[in-house]
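Please look over this model before reading my comments. My notes are grouped by feature.

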Amino acid sequence: MAYVDGFLMPVKKDRVEDYKRMARLAEQVWREYGAIGYVECLPDDVPYGELTSFPRAVQLQEDELVVFSWVVYPSREKRDEANRKVMNDPRFKEWENDMPFDPKRMIWGGFVPFVGL
């Protein structure tokens with residue numbers, strides 16, 4: 001059964017191009033290690049809610065925007081294997097100390113689809 005990792009993260013507006021470059025590399029690497037789908041989305045209609053919202057979830061600041069992304073795998077096992085490999089991939093060394101997003105405020109989780117996949 002398919003498995004999906006979902007991500008929500010704040011990206012500095014002046015680092016969006018850096019983030020796009022990192023995301024393009026990430027898609028190549030994750031697909032190489034077994035992902036069957038990879039999507040990165042910039043905000044278009046993402047209001048700041050009174051109680052909850054995407055911006056509130058990541059404690060969005062004025063100089064940031066919230067990015068939503070997900071990766072699809074054939075199974076949870078393939079996801080776990082891919083993530084182990086990705087975390088050790090030398091192609092990400094460039095970003096090790098200069099991430100274009102705040103990883104402390106990134107939200108992520110693994111999900112089992114029940115409609116659509």
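The numbered points below cover the basis of the model, the pocket, a surface patch, salt bridges and selected residues.

1. **Basis.** This is a predicted model, in which local features need pLDDT of at least 70 and side-chain atom pairs count only at pLDDT 80 or more, while totals for chains, interfaces and linings use all residues. Residues are numbered from 1 along each chain as its sequence is written, and side-chain values use heavy atoms, with hydrogens and water left out.

2. **Largest pocket.** The largest pocket has a volume of about 680 Å³. Trp-30, Val-86, Met-87, Met-99 and Phe-101 are the closest to its centre, out of 28 lining residues. A pocket here is an open set of points on a 1 Å grid over the protein atoms alone, where a 1.4 Å probe fits, with protein on both sides within 12 Å along at least five of seven lines; lining residues have an atom within 4 Å of a point. Grid points are joined across faces, edges and corners, and the volume is the space filled by probe spheres set on the points.

3. **Which elements line the pocket.** Two or more lining residues come from each of strand E1 (3–12), helix H1 (16–32), strand E2 (37–41), strand E3 (64–73) and helix H3 (76–87). H1 gives the largest share, 5 residues. Helices (H or I, at least four residues) and strands (E, at least two) are DSSP runs, numbered from the N terminus.

4. The lining of the largest pocket has 20 nonpolar, 2 polar and 6 charged residues. Nonpolar covers Ala, Val, Leu, Ile, Met, Phe, Trp, Tyr, Cys and Pro; charged covers Asp, Glu, Lys and Arg; the others, Gly among them, are polar.

5. **Nonpolar surface patch.** Val-46, Phe-54 and Phe-68 make a nonpolar surface patch of about 240 Å². Patch residues have over 30% relative accessible area and no salt bridge; nonpolar side chains (Val, Leu, Ile, Met, Phe, Trp, Tyr) are joined within 5 Å. Areas come from the Shrake-Rupley method with a 1.4 Å probe, and for residues only the protein chains shown count as cover. Phe-68 sits in strand E3. Phe-68 is partly exposed, at 36% relative accessible area. For this term and its neighbours, buried means under 20%, exposed over 50%, and partly exposed in between (1.4 Å probe, protein chains only).

6. The whole structure has 16 salt bridges. The criterion is a side-chain nitrogen of Lys or Arg within 4 Å of a carboxyl oxygen of Asp or Glu. Glu-94 pairs with Arg-21, with the closest N and O atoms 2.9 Å apart. The partners are 73 residues apart: Glu-94 is in the loop between H3 and strand E4 (107–111), and Arg-21 is in helix H1. Glu-94 is partly exposed at 47%, and Arg-21 is partly exposed at 43%.

7. Lys-85 forms a salt bridge with Glu-81, at 3.2 Å between the closest N and O atoms. Why are Lys-85 and Glu-81 separated by about one helical turn? Because they are 4 residues apart in helix H3. Lys-85 is partly exposed at 38% relative accessibility. Glu-81 is also partly exposed, at 28%.

8. Asp-89 and Arg-91 meet in a salt bridge (2.7 Å, N to O). Asp-89 counts as buried at 5% relative accessibility, whereas Arg-91 is partly exposed at 34%.

9. **Backbone check.** Phi of Gln-59 is near 55 degrees, a positive value in a residue other than glycine. Gln-59 lies in the loop between helix H2 (54–57) and E3. Gln-59 is exposed, with a relative accessible area of 57%.

10. **Sequence against space.** Tyr-73, in strand E3, is buried at 0% relative accessible area. Tyr-73 and Ile-36 are 37 residues apart in sequence, with C-alpha atoms 5.4 Å apart. Met-22, in helix H1, is buried at 9%. The C-alpha atoms of Met-22 and Leu-42 are separated by 14 Å, at 20 residues apart along the chain. Ala-2 lies in the segment before E1 and counts as buried at 16%. Ala-2 and Val-66 are 64 residues apart in sequence and 26 Å apart in space, C-alpha to C-alpha.

Definitions and conventions:
Patch = residues over 30% accessible without salt bridge, like charges linked within 9 Å, V, L, I, M, F, W, Y side chains within 5 Å.
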